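Thanks for coming. I will go through one model today, starting with helix packing and ending with the core. Please have a look at it first.

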Amino acid sequence: MTPPPRASAEETRRRLRPTRASTPYLRLLTATQFAFNIGFYAVLPYLAAHLGSGLGMAGWLVGLVLGLRTFSQQGLFVVGGALTDRYGPRPVVLVGCALRIAGFGWLAFAGSTATVIAAVLLIGFAAALFSPAVESEAAREAVRHEHGTGAPRAHVLALFSAAGQAGAFLGPLLGSLLLLLGGGFRAACLAGALVFTGVLAGHALLMPRTAPDAAPRTARPEPSARRAVFANRAFLLLCAAYSSYLVAYNQLYLSLPAEVERATGSQAALGWLFALSSLLVVAVQLPLTRWSARRLAPRTALTTGLATVAAGFAAVPLTPAGPGGLLPAAAFVVLLTLGQMLLVPAARGLVPDLVEDGRLGLATGALSSVSGLAVLGGSAATGALLDAPAPVRWTVLATVPLAGAALAFTLPAGRGRKEPGARAAAG
């Protein structure tokens, strides 16, 4: 048989070479994640201090309120994911934005425990609607882009994560600026509501009514689809491993503020530590993911990321205090962020490998819902650890992501570097 001409080989290589240009729909999803996080992180880093110092709540109650916020968001993602599968992303995103505006406005004026909890639950449920819609569409678009260009889906999902972290970088700075100008926590909440008002208006105008290459929507919820997702052992293991990450990540809002205040006497540096985390993701996420896609299978990236997060907790009692006493907290933030950059694209990229396309919204929501339940169960306990000696607290917390790494090691390797197109693209 005559070998194929050289031109055909060159054409194949060009087809497998990654395309830098993204689709208009992917650009919209990425911009959505960026804007969401600006509004969100203008408020969230300062919530614990507001509850404790401003409203006088005990440490365990602060932990419980933060856990309820995470549960109402992550724990109810499965609802938003199922609604996205049924109705499409556009109506779910728009309703979620409207509820987030109402929740921030309510939280700005809430003065009692009951009203704070109600506002926090509304804020969390709003995210439970729009986040699974946006994330499942990003995962679906990443797979479509991978099939069309050979570029690994992890690249697209890393760009999505980097855009979110760019928003998370600007959000705390916006909140800090408002606090420095004397506006207080109320001004930060109202600024967040204003950002989401702009997001709602933009998406009402720009978000397509039907996503490109969308799977057919179901007329009603299918019990068989739910059984197929929740009886999937590999997917449940992924949920458990990812839960350990989210429990650990929640300590940015609970244990980190306590560590900063212990070390410096105030939480003034907290916004800068959040900015450090976000700036690391903006600068390092894409090259790190490019390296990971070339060198590591998704399971390995997930396991390594969780082990790095565990090292971040262990580093706090082992790192000598540096300038201003912030070196241990900075070491924690850097290692947690590096672990996050490895594991989040890997975990999201594994979901389409483990479930069918028509159940992707439900599975994306379920991944966060199981994690939210874990955070709800662990937040009051980790809040109680605030009174424990720092070495004990941080050592105990390190065991959580370490256990997740052990679970992740039992997962299927996942697609990535084994695929010829992915390998060529990563190079």
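Let me start with helix 12, residues 255-264, and helix 15, residues 327-354, which pack at an angle of about 155° with their axes 9 Å apart. Axes here are lines fitted to C-alpha atoms, for helices over the stretch in contact, and angles run from 0 to 180 degrees between N-to-C directions. Helices are DSSP runs of H or I with at least four residues, numbered from the N terminus, while strands are runs of E with at least two. Helix 12 and helix 15 are therefore roughly antiparallel to each other. For that wording, angles over 145 degrees count as roughly antiparallel, under 35 as roughly parallel, 65 to 115 as roughly perpendicular, and the rest as oblique.

Helix 12 passes helix 15 in a left-handed crossing, that is, the near helix is turned anticlockwise from the far one by less than a right angle; clockwise would be right-handed. L256, E259 and V260 of helix 12 meet P328, A329, F332 and V333 of helix 15, where contact means heavy atoms within 4.5 Å. By class, this contact has six nonpolar residues, no polar ones and one charged. Nonpolar covers Ala, Val, Leu, Ile, Met, Phe, Trp, Tyr, Cys and Pro; charged covers Asp, Glu, Lys and Arg; the others, Gly among them, are polar.

A word on the source. This is a predicted model, in which local features need pLDDT of at least 70 and side-chain atom pairs count only at pLDDT 80 or more, while totals for chains, interfaces and linings use all residues. Residues are numbered from 1 along each chain as its sequence is written, and side-chain values use heavy atoms, with hydrogens and water left out.

Next pair. Helix 11, residues 233-249, packs on helix 14, residues 298-318, at about 25°, with the axes 11 Å apart. That makes helix 11 roughly parallel to helix 14. The crossing is again left-handed. Helix 11 contributes L238, A241, S244, Y245 and A248, and helix 14 contributes L302, L306, V309 and F313. Eight of these are nonpolar, one is polar and none is charged.

What does helix 14 do with helix 17, residues 390-408? Their axes come within 8 Å and cross at roughly 170°, which makes helix 14 roughly antiparallel to helix 17. On the helix 14 side the contact includes L302, L306, V309 and F313, and on the helix 17 side W394, L397 and L402 are among the residues. The contact divides into 17 nonpolar, three polar and one charged.

Now the core. The largest nonpolar core has 103 residues, and L107, F235, L238, L252, L256, L302 and F332 touch the most other members. Such a core is a set of buried Ala, Val, Leu, Ile, Met, Phe, Trp, Tyr and Cys residues joined through side-chain atoms within 4.5 Å. Helix 7, residues 113-149, gives the most to this core, with 13 residues. Leaving aside residues up to four places away in sequence, L238 touches L302, A347, L350, V351, L354, L367 and L411.

Finally, the whole chain. There are 18 helices and zero strands. Of the 427 residues, 56% are buried, meaning under 20% relative accessible area with a 1.4 Å probe and protein chains only; exposed is over 50%, and partly exposed lies in between. Among contacts between residues at least 6 apart in sequence, 85% join residues at least 24 apart.
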